[in-house]
Amino acid sequence: MSESVPVLCPACRREHVYAAPAYPCACGAPVAPALDRRATPTELVHRAWDEEWVSVRCASCGRRNQWPHPELGCPCGTVLRIPVTGSSPAPTPEAVPPPSRPAFHPVTIRTARDAVTAATLYLRWLGYGDIRRADERPPSGIRLAARRLLAQVDPTICPASVRDVECLWLTAMTESADCVYVSLAGYAEDARIRADALGVPLFVLDLTGTPQPVNDPAVILHTTGA
């Protein structure tokens, strides 16, 4: 378990105690970034891919993996990025593809069809073959299906809701399939919380056509593949 550090929100001056979450290394050992007590947390205003990840070495096997940069959400609405030690920002997925896969080559997003194409290419890159349009139509977005997988692609400008996530999960459960959600506009906060509880990988599709993991199940799927 990682060490807890005190964090002061610069916006509302509320005090918090934060501990970085641990993630499973390929060897099975839990890995958590070391937090820097001497550095001051910064308010997160704009997101960039190369700032979303940190490289952390596993103390058990020595592997260096990419994990989400520790963040703390204050009840006042401010998101704080917690400084870490002994790590470096992770490069984009194209620069560090998993050993068994080639580099992912995205397509620029200009239309809703481009978003579906980008998600399809990414799912194939993860290892899912025979991607096709699913028979059922979701409340929003487009459903894609593959063997033992159901994916939802939402190219709209509205963040995915908790209902969207639950509908995808329930449909996948009835088909004994895994599920993945890819959204262009992100997710409502309750949708992210629910997805974490259900184990649904959430990805945000940026305009370059690169899906970015936004929760732990998505990070694991991106790292290990199908």
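## Cysteines

Cys-167 is partly exposed, with a relative accessibility of 22%. Cys-12 also counts as partly exposed, at a relative accessibility of 31%. These values come from a predicted model.

How many disulfides does a search of the whole structure find? The search finds zero. A disulfide is a covalent bond between the sulfur atoms of two cysteines. For Cys-12, the closest cysteine sulfur is the one in Cys-74, at 3.6 Å. A disulfide is counted when the two sulfur atoms lie within 2.5 Å, so the distance of 3.6 Å from Cys-12 to Cys-74 is too far for a bond.

## Positive phi at Asp-130

Most residues other than glycine have a negative phi. Asp-130 is not a glycine, yet its phi is positive, at about 55 degrees.

Where is Asp-130 found? Asp-130 sits in the loop between α1 (112-126) and β12 (132-133). Is Asp-130 buried or exposed? Its relative accessible area is 58%. Exposed means over 50%, so Asp-130 counts as exposed.

## Positive phi at Ser-176

Ser-176, a residue other than glycine, has a positive phi near 50 degrees. Its place is in the loop that lies between α2 (162-174) and β15 (178-183).

With a relative accessible area of 65%, Ser-176 is exposed. The cut-off for exposed is over 50%, and the 65% of Ser-176 therefore puts this residue in the exposed class.

Terms used
Residues are numbered from 1 along each chain as its sequence is written. This is a predicted model: local features need pLDDT of at least 70, side-chain atom pairs count only at pLDDT 80 or more; totals for chains, interfaces and linings use all residues. Side-chain values use heavy atoms; hydrogens and water are left out. Helices (H or I, at least four residues) and strands (E, at least two) are DSSP runs, numbered from the N terminus. Buried means under 20% relative accessible area, exposed over 50%, partly exposed in between (1.4 Å probe, protein chains only).
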